[in-house]
Amino acid sequence: MNDVSRVAGVSRGTVSNYINGRRVRPNTKLKIENAIKTLNYVPNATARALKTNRSNYVVWIIPTVNSPFFSELSYHMQIALDALGYKMILCNSNSQASKEMAYIEMAKTQKVAGIITMSYADISHLVSPDIPLVAIENRVTQNFPLIISDNYQGGFIAAEQLYQRGARRLLFISKTPVVGVSALREKGFKDFCQQNHIHYHRFIASDSVQFIDDFEQFINSNITYKSFNYDGIFSDSDEYASDFWHLLLQHHIAVPADVQIIGFDAAKIYARQQPMLSSIRQPIEKIVHIAVQQLQYQLSNPNTKASLVKPIILPVTFIEGMTTK
């Protein structure tokens with residue numbers, strides 16, 4: 001830092017303010033950045049963490065990276081954190097509670113700046129009330145912010161869209177267990193059907209590696225004279241909806257001419273991708289923006305006592321793809 005201050009022509013304290021994210025004048029900031037580039041200076045993150053009692057790393061816990069939704073969410077999360085000077089540590093739990101708990105312990109040991117999590121485990125006993133934390137989709141405790149999409153409304157919209165497009169024999173499909181946000185999505189779907197006196201059914205596959213076989217068996221048992229017994233399908237996941245779509249095509253059931261399908265998430269594999277599956281879109285960029293905003297507030301107000309926090313519920317939208325009329 002002494003070398004940077006000498007080359008930049010500013011005090012060591014000013015360089016320290018810049019490195020630690022404090023406000024400096026724009027022209028001074030430019031001088032420091034040029035000096036850093038000239039000297040190839042790399043701040044010692046470990047030393048800074050010891051001095052400030054926290055690092056500039058944020059732990060981001062998700063169930064899997066092998067999903068367009070979580071992949072797109074992680075992409076925008078890294079960009080948003082980087083814009084504020086934080087580095088993201090991506091932790092893939094594979095939906096295993098033991099791994100999620102290990103990541104929380106690691107975060108505490110390494111004195112990270114904060115945690116943003118989509119944890120599906122009960123980690124409330126591991127998280128100190130004074131650690132900056134934001135939850136997405138699943139509540140950790142009532143003392144931490146929770147950002148969640150309006151899952152109930154998403155299921156309601158899906159049933160409404162199928163009905164408006166001519167479907168009358170509706171089906172909800174998923175894989176066990178249907179709990180949490182999945183249960184809310186099904187309830188919205190169910191409530192629209194009941195309010196409008198629409199016949200509906202549900203099929204829930206087993207929680208096994210071969211759950212696709214359950215979908216296959218269900219389709220086989222519900223084909224009458226080469227026609228499928230349902231003309232409108234909603235799933236709480238794009239993954240299951242897509243699986244069902246391809247199985248129907250293998251049985252020569254026309255989609256969307258004979259059967260219409262709507263999934264949930266509408267995440268993109270790449271930015272220019274056109275929607276294939278009609279789906280309920282979660283506002284991914286807004287989820288990230290508010291999550292990072294909530295984390296930054298906690299970091300900027302460390303002495304603010306935690307209080308009961310109401311969830312922040314964000315609206316969802318219907319995205320038309322190739323599987324509805």
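Helices here are DSSP runs of H or I with at least four residues, strands are runs of E with at least two, and both are numbered from the N terminus. Just after helix α5, Gly 85 takes a positive phi of about 90 degrees.

A word on ground rules. This is a predicted model, so local features need pLDDT of at least 70 and side-chain atom pairs count only at pLDDT 80 or more, while totals for chains, interfaces and linings use all residues. Residues are numbered from 1 along each chain as its sequence is written, and side-chain values use heavy atoms, with hydrogens and water left out.

Buried residues in α5 are Phe 69, Phe 70, Glu 72, Leu 73, Ser 74, His 76, Met 77 and Leu 81. Buried here means under 20% relative accessible area, exposed means over 50%, and partly exposed is in between, with a 1.4 Å probe and protein chains only.

Helix α3 runs over residues 26–39. With 14 residues, α3 reaches 20 Å between its first and last C-alpha, close to the expected 20 Å. Thr 28, Ile 32, Ala 35 and Ile 36 are its buried residues. Looking down the axis of α3, you find those buried residues within an arc of 100 degrees, so they line one face of the helix (the arc is taken from the directions that run from the helix axis to the C-beta atoms). An α-helix has 3.6 residues a turn, so residues three or four places apart point the same way. On the face turned away from the buried side of α3 sit the exposed residues Pro 26, Lys 37 and Thr 38. The cover over the buried residues of α3 includes α1 (2–8) and α2 (12–19). Just after α3, Asn 40 has a positive phi of about 55 degrees.

**Two helix pairs**

Two packed helices are described by the angle between their axes and the distance between the axes. The axes are lines fitted to C-alpha atoms, for helices over the stretch in contact, and the angles run from 0 to 180 degrees between N-to-C directions.

| Pair | Axis distance | Angle |
|---|---|---|
| α7 (151–164) and α8 (181–195) | within 6 Å | roughly 40 degrees |
| α9 (211–221) and α10 | 10 Å | about 45 degrees |

The α7 and α8 axes cross at roughly 40 degrees, and that makes α7 oblique to α8. Under 35 degrees counts as roughly parallel, over 145 as roughly antiparallel, 65 to 115 as roughly perpendicular, and the rest as oblique. The α7 and α8 crossing is right-handed; that is the clockwise case, whereas a left-handed crossing has the near helix turned anticlockwise from the far one by less than a right angle. Among the α7 residues that meet α8 are Tyr 152, Phe 156 and Tyr 163, and the α8 side includes Leu 184, Phe 189 and Phe 192. Contact means heavy atoms within 4.5 Å.

For the other pair, α9 and α10 pack at about 45 degrees, which makes α9 oblique to α10. The crossing of α9 and α10 is right-handed. From α9, Phe 211, Ile 212, Phe 215, Glu 216, Phe 218 and Ile 219 meet Glu 239, Tyr 240, Asp 243, Phe 244, Leu 247 and Leu 248 of α10.

**Loops worth a look**

Thr 176 and Pro 177 are joined by a cis peptide bond, with omega about 0 degrees. Thr 176 lies in the loop between β6 and α8, and counts as partly exposed at 31% relative accessibility. Leaving out residues up to four places away in sequence, Thr 176 touches Ile 204, Ala 205, Ser 206 and Asp 207. Its C-alpha is 5.6 Å from that of Ser 206, 30 residues apart along the chain. Another cis peptide bond joins Val 255 and Pro 256, with omega about 10 degrees; Pro 256 is in the loop between α10 (238–250) and β11 (260–265).

The loop between β4 (133–136) and β5 (146–149) holds Pro 145, which is buried at 7% relative accessible area. Glu 137, in the loop between β4 and β5, has a positive phi of about 75 degrees although it is not a glycine. Glu 137 is buried too, at 9%.

Notes. The expected span of a helix is 1.5 Å times one less than its number of residues.
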